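Dear colleague,

Please find the structure below for your records.

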Amino acid sequence: MRGLALNPCLVLILALWGFCASADENKPNGSSASLAPSTRIECSLKRKPGEPFDPPSTSAIPQTDAFVAGEHFKEDIAPTAPVKISWLGATFVRRFAVKVETADDASLQAYLLKNPSNAAEIIGELGTRGESKLTDIWCLLKLQANGESGALQTNSTPNIFFVRDGAGDLAVIDALWGGAGWEIGASPVGSQQAWTRGTRIFSR
């Protein structure tokens, strides 16, 4: 009889355990992104190719060069284009064309997305180190201006960055090599769009 009397308690414990497990799986801040760290890239808009990164002779010089996004990110696939860009999304133009940043050296960490995840999940896993700048994107694009191999993927798989727009709001910028040039778009961080497995993420 004692064994039978314990059954209601056992049922209650199992029910509570199941509820807690379900709650953990559905936490809004729970991360399912599973980012795999890849290479670290040193990039500079101020140095010439082959010059050491942040040389001692110039590292103390204030970085005051202004980078005006609208003067660099332009649709242009001519042979003389500094970066071949075949498409700029309307959201990117609206949110980022007016932004001005300071050009500086960047040390960027690349990650590979192992599971389909939305922007909020990825940011949740990256934490405070997740943000980049437009100058970081431009610096990498300059190294692969015509779709050459490099840190950015050119196999129709997206490269994404988390950057603050002209109003200071965080957004996702994606860069994809489309064959004739780079295709660059932007979307809200709150979007439920799932980035595919294999997407490459860059952060500072």
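**Salt bridges in the model**

In this predicted model, the side chains of E101 and K99 form a salt bridge, with an N to O distance of 3.0 Å. E101 has a relative accessibility of 7% and therefore counts as buried. K99 is also classed as buried, because its relative accessibility is 13%, and the cut-off for that class is under 20%.

Another of them is formed by the side chains of D165 and R95, at 2.7 Å from N to O. The two residues come from distant parts of the chain, 70 residues apart: D165 lies in the loop between strand 7 (159-164) and strand 8 (170-177), while R95 belongs to helix 3 (residues 90-96). Both D165 and R95 are buried.

A further salt bridge joins R204 to D104, where the closest N and O atoms are 2.9 Å apart. R204 has a relative accessible area of 31%, so it is partly exposed. R204 and D104 also belong to one network with K133 and D136, joined by salt bridges that share partners.

With kind regards

Key:
Residues numbered from 1 in each chain as written. Predicted model: local features only at pLDDT ≥ 70, side-chain atom pairs only at ≥ 80, totals over all residues. Heavy atoms only, no water. Salt bridge = Lys/Arg side-chain N within 4 Å of Asp/Glu carboxyl O. Helix = DSSP H or I, 4+ residues; strand = E, 2+ residues; numbered from the N terminus. Buried < 20%, exposed > 50% of the residue type's maximum accessible area, 1.4 Å probe, protein only.
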